[in-house]
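Have the viewer open as you read.

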Amino acid sequence: MQRRIVSLWFPRLAAERSLRARPVDAPFALTLFDRNSERIHDLSPQAEEAGLQRGMTLVHARSFCPGLLTRPADPVADQRFLRLLARWATRYCPWVGLDGNDGLFLDITGSAHLMGGEEALCDDIRARLARSGLTARLGLADTPGTAWALSRFAEGIAPSGEALARIGPLPLAALRLTDQTCTSLERLGIATVSELHNIPRATVARRYDRNVLHRLDQALGHSPEQISPLRDEQTFSVRITLPDPIGLLDDVMAASRRLIDHLCTRLDTMQKGARSLRLTFRRVDQEDRSVELKLARPMRDAERILTLFERGVSGVDAGYGIDMIRLEALEVEPLGMRQLDRAEGREKDSIADLITQLGNRVGLENILRFQPVESHIPEHSFKLVPAAVSHPAESWPHSRTRPLRLFAPEPISGSPAGAGLEPPPRFRWRGRALTTSRAEGPERITPAWWEDNDSWAHGLRDYWRVATCQGQNLWLFHTPQNPAWFVQGEFG
Amino acid sequence: MSLPFSSVYPLKSARAHEVCGDAGLVFAAIGAGLAKGPVVWISEPRLPTVNPEGLAPYCDPGKLLITRAEGQLNVLASAETALRSGAAGLVVAEVGSAIGLTEGRRLQLAAEAGRTTALLVIPEGAGSNAAETRWRCSGVPAPAGSATASPGPRQNSHDSTLWRWSLIKNKIGTLSEWVVRWDAASHRVIVVSEAGG
């Protein structure tokens, strides 16, 4: 089947996008700061009639046209708008690609008859775009190159096989060549596409880069040109619009349940699980209330998600009622099918749900688990990792005597510093006078010299476990290199 | 008539209990070790967490779910959430200041609803009247120079630590106190002597 391509060009995309939002009845231009001054980025036909053109500085333009209205341009939003148009264009064919910043390619091969033929298709596109305030130029041909040339220079339809006849008389710029190449060819007396086509290929190939002949071949269909369609973005969002506003918790939950069911079915077919969800309620007074849910594990179990949403939803102020509910999966992770062990599965699920519930109150990053770390430094022998992204530690080495609570070393007072290597018989700690009744030790721990650690600046430590007559069991250490005693932990 | 230790310990399940005193943390660690299933341990971020290496003789640190909640209100609310869900075997909350009767009662109701035991580590005298039991734990002062006096061949230094566990509030019985130690090998609390009662 002969390939048929539509090239759609929006000559005033940026200006028209801005005017669609807020129309003005005056010469209008968008400005962008470029090359050290505000310059005209795009403009309305009215402004063009006043003698303005793109790239002109704003100061210059104002002197031509004092009544000029301007707004700052937003190229990022323009690009987003073009993507929207590309999505809209999939109503004509499934294969739509972007063409630069202001055009689209539609591969309508085999789908023109759905709109009643090529003529009707072009008319339909033009009419719909005109209705939404966009100027569009269309070219329809066998190849993207020819369609591009037609849309830019001679709007129309090239019947199949008549590409050269239609683009032959067009200037060389229609081949998407650079200005420099065009000027150079024109100096040689070659001004149109057909003239370029008629001279021997070898003479062109010898003098110019291969791009010239490549573009010509692409336009005439001798070398292929791909159109890259936009990636189909998977959005996991569903919404429900209600005929009458609702406000009771049961009603809202029932409506939410329908959304969650729907979303979970979609996640299921895609083998994905939601990691974070947002439920947005639009109230009749046009205000939005939203509830976010961050999950400890990716999941798509409608029943459980609904239960987890309950707390958040019950706190929503429904005002005069809610008439639209939207559910959106903000983060989605792959979640394959898996065989569940009934008992174990349920227990794990209930823990994950608990992590989610706690996480939605204090933040998922505040629910942690211990993981052992290979280190002889007491305070570095474990780390805390978020429970949502980890599994419980399998085994825990416990051969060392360590206190139940570790804190930053606190110097003890009331004892003659450096009295000896044995723990002092009497000392003061946290304002209490304590008497040593029993001491076990020492256990010498040397600092990790390969690490830069200020808290170990006192050098190696001799640790003692000291039981006091007052009932405390403390973890003291002595630093022989810098004689002093500290308390670093409590055994309880 | 003295109150048998076994009638009050292990702690009555699906109830809220409180512990205070210097060795309250050990009481909580032992409770965590005896609990079935995961243990949710809630504390404020200004305090250091419990040290898992020190916890290892009493309880597998892998089954702990550490929750850091800012402020007492969040600690109590997290505890209530965890209790109601029923997924944990024990919920330990380290509370910084006094708990009102309302909060205590709420925790008690949540514990009953989720069939989960709650253990609040409180400062001295900060408990609420809604608790099922309240314990005061402290180390038993070892007699001076008794480092070699620990009896029994199998005991390592850890086991020889004695604690005085006083039951200072009991909703359904009398009060008493015991001197206990932890036997890591058999993983249980052994009553050394009945100090009072």
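## Strand pairing and the chain contact

S2(B) and S3(B) run parallel and are joined by five bridges; strands here are DSSP E runs of at least two residues, helices are H or I runs of at least four, and both are numbered from the N terminus. Two strands count as paired if DSSP finds at least two bridges between them. Before going further, note that this is a predicted model, where local features need pLDDT of at least 70, side-chain atom pairs count only at pLDDT 80 or more, and totals for chains, interfaces and linings use all residues. Residues are numbered from 1 along each chain as its sequence is written, while chains are lettered from A and ligands numbered from 1 in the order in which they are written.

S2(B) also pairs with strand S4 (residues 90-94) of chain B, in the parallel sense over four bridges. S3(B), for its part, is joined to strand S13 (residues 367-372) of chain A by two bridges, and those two run antiparallel. Here are some of the residues that face each other:

| Residue | Partner | Partner's strand |
|---|---|---|
| B:Ile42 | B:Ala93 | S4(B) |

How many residues of S2(B) are buried? Five of its five (buried means 20 or more other C-beta atoms within 10 Å of the residue's own, with C-beta atoms placed from the backbone), so the strand is mostly covered. B:Val39, B:Trp41 and B:Ser43 point one way, B:Val40 and B:Ile42 the other. In a regular strand, side chains do alternate between the two faces of the sheet.

Now for the wider contact between the chains. 46 residues of chain B touch 43 residues of chain A, contact meaning C-beta atoms, placed from the backbone, within 7 Å. On chain B's side, the elements that each supply at least two residues include helix H1 (24-34), strand S3 (64-68) and strand S6 (133-139). H3(B) gives the most, with six residues. That side of chain B divides into 26 nonpolar, 15 polar and five charged residues.

Over in chain A, helix H13 (residues 302-314) has 13 residues and reaches 18 Å from first C-alpha to last, close to the 18 Å expected at 1.5 Å a residue. Its buried residues are A:Ile305, A:Leu308 and A:Phe309.

As for confidence, chain A averages a pLDDT (the predictor's per-residue confidence, from 0 to 100) of 87, and 97% of the residues score at least 70.

Methods. Contact = placed C-beta atoms within 7 Å. Nonpolar A, V, L, I, M, F, W, Y, C, P; charged D, E, K, R; others polar. Expected span 1.5 Å × (residues − 1). Buried ≥ 20, exposed ≤ 12 C-beta atoms within 10 Å, placed from the backbone.
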